[in-house]
Amino acid sequence: MKGPIDAKRRRFLASAAVGAAAAATAFPAPAIAQDKREWKMVTSWPKGLPGVGTGAERIAQRITEMSDGRLTVKVYAAGEIVPPLECFSAVAEGKAEMGHDASYYHIGKHRQAPFFTTVPFGLTANELSAWIHFGGGQELWDELYAGFGLKPFLAGNTGTQMLGWYRKELKTAEDYQGLKVRMAGLGAEVVKRLGATVVTVPGGEIFQALQNGTVDAAEWVGPYNDQALGLNQVAEYYYGPGFQEPSAGLELIVNKTLYDELPRDLKQIVAVAAQAAHDDLWAEYTLRNGEALANLISKGTKVARVPNELMVAMGTASGEVLAEERDKADAIGKKIFESFLKARGPASAYTRIGEQAMANARALAYKYIE
């Protein structure tokens, strides 16, 4: 609906763009008065989107409150200052001091950036957190992003995602031939190998893309966010699990020059706020995805498991893609690969006999323990 609201939004976006340009030319000079800083956080998420969107707002609120206003952070949703997939460059260039998004959006910056969000058939949320905090992942992430003038933090996880929404039924790998698919990161390289055409669409535009046929299929997150975007209204089939995202780590990125200038206590506040956001979001998605899935099913969504034949084909293609990426990796990229694989071995081995085995056992005994 067009009218006064649209006019106000245009004026707001125009003024935001002017403000962003001014900030860029003045960098690095955020508002500082009497040891008080006012920072902007740009995100890749539609404004108010449950989970990732509101999670970014909680980070800002925590930093502001824990610092007693010495570091005040204001959140700008996708498109309010910069386009949704340009947080990385905006923070590196000083158009904003902070950003909240996912590292696999930056595969164009470095081919191994996606590892800190997810890779096909990679790490679960538990395993990713273990690698980042105890397996050397954070140190490599710091090293990689320092080259772009950024300091990264793990600041959320959506857990295991769905393969996504499809307008036609999937039966075999041949069904991907000619299919237009919205998918990000290295998962996109896999479906290309299966014959699909990958279309880059920000989250806030997926509904329209499915509705008008720009894409035939799209993955976003999982039931919680997919329902919020109304994707069940424009696609009939909902497939899982998502080979492309066994979990999805989110990142808080801070301009490194400005981060390094912070007093030690403010640095710690930023780190603690990011860790709290990770725990909050992971817990939120764990419960809300289940609730949303039940609601989608009650409204007629056809939820289906990816056929075994297709899953095997995805596994084969994923192995080929990752092998080629490893062969082409630069020095830091090879270190990321080695560290990732070193952590994946023992972590996944225990997952199989621990969490995975317990989940299977619970499913078997479920009718007896209700």
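**Helix packing and aromatic pairs in a predicted model**

Helix α2 (residues 52–66) and helix α10 (residues 264–298) approach each other with their axes within 9 Å, crossing at roughly 145°. Axes here are lines fitted to C-alpha atoms, for helices over the stretch in contact, with angles running from 0 to 180 degrees between N-to-C directions. Helices (H or I, at least four residues) and strands (E, at least two) are DSSP runs numbered from the N terminus. The crossing of α2 past α10 is right-handed, the near helix being turned clockwise from the far one by less than a right angle. On the α2 side, the contact (heavy atoms within 4.5 Å) involves Val52, Thr54, Gly55, Arg58, Ile59, Arg62, Ile63 and Met66. Its partners on α10 include Ile269, Val272, Ala276, Asp280 and Tyr285. By class, the residues of this contact are 12 nonpolar, two polar and four charged, where Ala, Val, Leu, Ile, Met, Phe, Trp, Tyr, Cys and Pro count as nonpolar, Asp, Glu, Lys and Arg as charged, and the others, Gly among them, as polar.

The model is predicted, so local features need pLDDT of at least 70 and side-chain atom pairs count only at pLDDT 80 or more, while totals for chains, interfaces and linings use all residues. Residues are numbered from 1 along each chain as its sequence is written, and side-chain values use heavy atoms, with hydrogens and water left out.

Turning to the rings, the whole structure holds 18 aromatic pairs. Rings of Phe, Tyr and Trp (its six-membered ring) pair if their centres lie within 6.5 Å; planes under 30 degrees apart count as stacked, over 60 as edge-to-face and the rest as tilted. Trp165 and Tyr238 are stacked, at 3.8 Å centre to centre with 15° between the planes. This pair joins strand β6 (residues 164–166) to strand β10 (residues 237–240), across 73 residues of chain. Elsewhere, ring pairs join Phe88, Phe115, Phe116, Trp131, Trp141, Tyr145, Phe148, Phe337 and Phe340 into a cluster.

Gln112 lies in the loop between β4 (98–101) and α4 (125–134), and counts as buried because its relative accessible area is 1%.

How values were computed. Buried < 20%, exposed > 50% of the residue type's maximum accessible area, 1.4 Å probe, protein only.
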